[in-house]
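Dear colleague,

Please find below the structure that I am handing over to you. My findings follow directly after it.

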Amino acid sequence: MVTAVRHLGPNWYASVMGTAIVATAGAGLPLHLPGLRTACTAVWALSLAMLLALLTARALHWTHHRDQARAHLLDPAMAPFYGCLAMALLAVGGGTLVVGRDWIGLRAAVALDAVLFGAGTLIGLTAAVAVPYLMAVRHHVHPAQATPVWLLPVVAPMVSAALGPLLVPHLPAGQPRETLLLACFAMFGLSLLATLLMLPLVFARLVTGGPLPLALTPTLFLVLGPLGQSTTAVGKFADFAPGVVPAADAQAFSLLAVLYGVPVMGFALLWLGLATAHVVRARRHGMRFTMTWWAFTFPVGTCVTGAESLSHHTGLAVYNGLAIALYGVLVAAWATAAVHTARGLLSGALLAGPRPAPVALRPVTARTT
């Protein structure tokens, strides 16, 4: 077990995020299918079990393979995935209040979510500062190396912003509730502005540098994360603001949910089309499964919850249809990534170390004399 986790990186937390969002997004669908909520609760329980197993494995990794753990921090391709640790904690915590309470009770659900939200938010804010700092002073990256993976640490606070309001009704009335709601609004702002700084680098690299390497092409879907999650966040602010902030502020949040969410969801659909086109091209060129395929799950799930929010705040049936269609994509992507990951774990291929580069033999020149 100790040897097996040597090459287990923080990117594995993406599988927990992708599983948890299947449960959360499914519970909010405008459908009343028999057994849907029970199925969502079972998926949430699976995400909780995955989180606990992965936290244990990563603890062993840090205890017995600190050299490799430090190497991950100093690797510009791996360090941004520490944002996934925060988002995994937050996603499972949010699912606890949405569906997990059906099995463990409301009181236990609030306590568990409070712990996971607090830990996830602290780690997310730390990653949002530490990873860009390491990129500047230790990684020495170049614009040609820009990928959507760079967004991961700065998107983590947006997940806190979207899921924190779920805890607002469980705090004492007055300043505690208002403080948490406005703290989530502040995290919405810091994550949005940081994303607006990073995204132009990613788009410029894509346009001027050509398509991403095949294995990294699925990461284009990561751009959907801050778009869908921010749309979800403003909808949650509008949902929980009445009675917590002054009436005028609550009305402003309701306006923001529509005036911000509608155009951002439009851009998300544009990017979804662009990313899909790149993935189809990469697939035709021989793209095979890697853990980056989990990028097809959580970001799409945030667009599902964003569409559900817009359906609630606009009353338009088109957003119901969009949420259902995107959820179908999410479930298909999750099932595909989960099956391939299980096969890779059973075969040991996903936990194996990187293969050494082949040694090129020196050409032999025959003498002619």
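This is a predicted model: local features need pLDDT of at least 70, side-chain atom pairs count only at pLDDT 80 or more; totals for chains, interfaces and linings use all residues.

I begin with the aromatic residues. A pair of aromatic rings is described by the distance of the centres and the angle of the planes. The structure contains eleven aromatic pairs. In one of them, the ring centres of F188 and Y260 are 5.5 Å apart and the planes stand at 75°, so this pair is edge-to-face. F188 belongs to helix α7 (residues 175-209), while Y260 sits in the loop between α9 (247-259) and α10 (261-284); the pair therefore ties together parts that are 72 residues apart in sequence. F188 is buried, at 6% relative accessibility, and Y260 is buried as well, at 15%.

Another pair is formed by F203 and W271, whose ring centres lie 6.2 Å apart with planes at 55°, so it is tilted. This pair joins helix α7, which holds F203, to helix α10, which holds W271, across 68 residues. F203 is partly exposed, with a relative accessible area of 41%, whereas W271 is buried, at 4%.

T231 is located in helix α8 (residues 224-240) and is buried, with a relative accessible area of 1%.

Finally, L31, L33 and I324 make a nonpolar surface patch of about 230 Å². L31 is found in the loop between α1 (13-27) and α2 (36-64).

Yours sincerely

Note on methods
Residues are numbered from 1 along each chain as its sequence is written. Side-chain values use heavy atoms; hydrogens and water are left out. Helices (H or I, at least four residues) and strands (E, at least two) are DSSP runs, numbered from the N terminus. Buried means under 20% relative accessible area, exposed over 50%, partly exposed in between (1.4 Å probe, protein chains only). Patches are made of residues with over 30% relative accessible area and no salt bridge: like charges are joined within 9 Å, nonpolar side chains (Val, Leu, Ile, Met, Phe, Trp, Tyr) within 5 Å. Accessible areas come from the Shrake-Rupley method with a 1.4 Å probe; for residues, only the protein chains shown count as cover. A salt bridge is a side-chain nitrogen of Lys or Arg within 4 Å of a carboxyl oxygen of Asp or Glu. Rings of Phe, Tyr and Trp (its six-membered ring) pair if their centres lie within 6.5 Å; planes under 30 degrees apart count as stacked, over 60 as edge-to-face and the rest as tilted.
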